[in-house]
Amino acid sequence: MSITIKEALQRASFQLRDQGFDRPRREAQILLAALLGCDAAWLYAHDQETLTAPQWAEYQAWLARRAQGEPFAYLAGHKEFMGLCFAVTPDVLIPRPETEFLVEAVAEELQGHTSPRILEIGAGSGAVAVSLAKLLPKARVVAVDVSQAALDVSQKNAARHGVAGRVEFLAGDLYAPVAGEYFHAVVSNPPYIPAADILKLQCDVKDFEPRLALCGGEDGLDFYRRLTGELDLLASRPKMLAFEVGMGQAQAVAALCLNAGYQNTRQIKDLAGIDRIIKAMLA
């Protein structure tokens, strides 16, 4: 069958409306634009053009997956972060806007350094490590993750953005792969959702994003305890720790940093006014 872009959007809008989406027309446009590699303006200007049979079939498949709650980023296969386009798969957490505050805090602190060495724990898609390498052209970044599937994605993103030569990705648990090495900064957006709250998350998160990247133990603080408590595995303590934290966790994480010898801590709010980033400096 043949179907125009206008007709396809109308059908998709009705389908998504029936599934309870608040903005079905907008959802339909975003999905079709991503599939065709265009923008909404192009769709409007070419709404009488006909989709090919494979395009219509793929669009219907995308709509069915979206109707089940699958995040748009996984359907499209990419997500923007810090103005860069990152490939994402269900093996990695989808980069969030609030994590940009983590990158900015680290880049601001290290921008005057001649050749900073940065360690990221929890590479995921590579969004943080790659963005830091782009912002700090003289930096060398090591990013660690327990998931080889996630590291495969992050390595592709480093190559895509031309920093593969300055970002090294290692498989392993926290500091173990870099034991005995020195870094100026340790950066992490670790799993921080309390175990009991996982099932309360929106379905597009709890049903599709990797549980390994979400659950932070009973109170959500397990990884912060390890991040601050296992620093002696490194050659010496880094000058800076920078962590993203969940809502209501800032004071507890700041206290863990203090107990680890970091006297100067700063809490940075996100756009919603939530204390989202802890930056801790050695005295």
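Colleague: Which helix holds W56 and Y59, and how many residues apart are they?

Modeller: W56 and Y59 both sit in helix α4 (residues 53-67), three residues apart, about one turn of the helix. Helices (H or I, at least four residues) and strands (E, at least two) are DSSP runs numbered from the N terminus. This is a predicted model, where local features need pLDDT of at least 70 and side-chain atom pairs need 80 or more, while totals for chains, interfaces and linings use all residues. Residues count from 1 along each chain as its sequence is written, and side-chain values use heavy atoms, without hydrogens or water.

Colleague: How many aromatic pairs are there?

Modeller: Three. Phe, Tyr and Trp rings (six-membered ring for Trp) pair with centres within 6.5 Å; planes under 30 degrees apart are stacked, over 60 edge-to-face, the rest tilted. W56 and Y59 make a tilted pair, 6.2 Å centre to centre with 50° between the planes.

Colleague: Are those two buried or exposed?

Modeller: Both W56 and Y59 are buried (under 20% relative accessible area; exposed is over 50%, partly exposed in between; 1.4 Å probe, protein chains only).

Colleague: What about Y224 and F243?

Modeller: Y224 and F243 are a tilted pair too, 6.0 Å centre to centre and 55° between planes. That pair links distant parts of the chain, with Y224 in helix α10 (residues 222-229) and F243 in strand β9 (residues 240-244), 19 residues apart.

Colleague: Why does Y224 count as buried?

Modeller: Because its relative accessibility is 0%. F243 counts as buried because it is at 0% as well.

Colleague: New topic: at what angle do α6 and α7 pack?

Modeller: Helix α6 (residues 99-110) and helix α7 (residues 127-135) pack at about 40°, axes 10 Å apart. Axes are lines fitted to C-alpha atoms over the stretch in contact, and angles run from 0 to 180 degrees between N-to-C directions.

Colleague: Which residues make the contact?

Modeller: T99, L102, V103, V106 and A107 of α6, with V128, S131, L132 and L135 of α7 (contact: heavy atoms within 4.5 Å).
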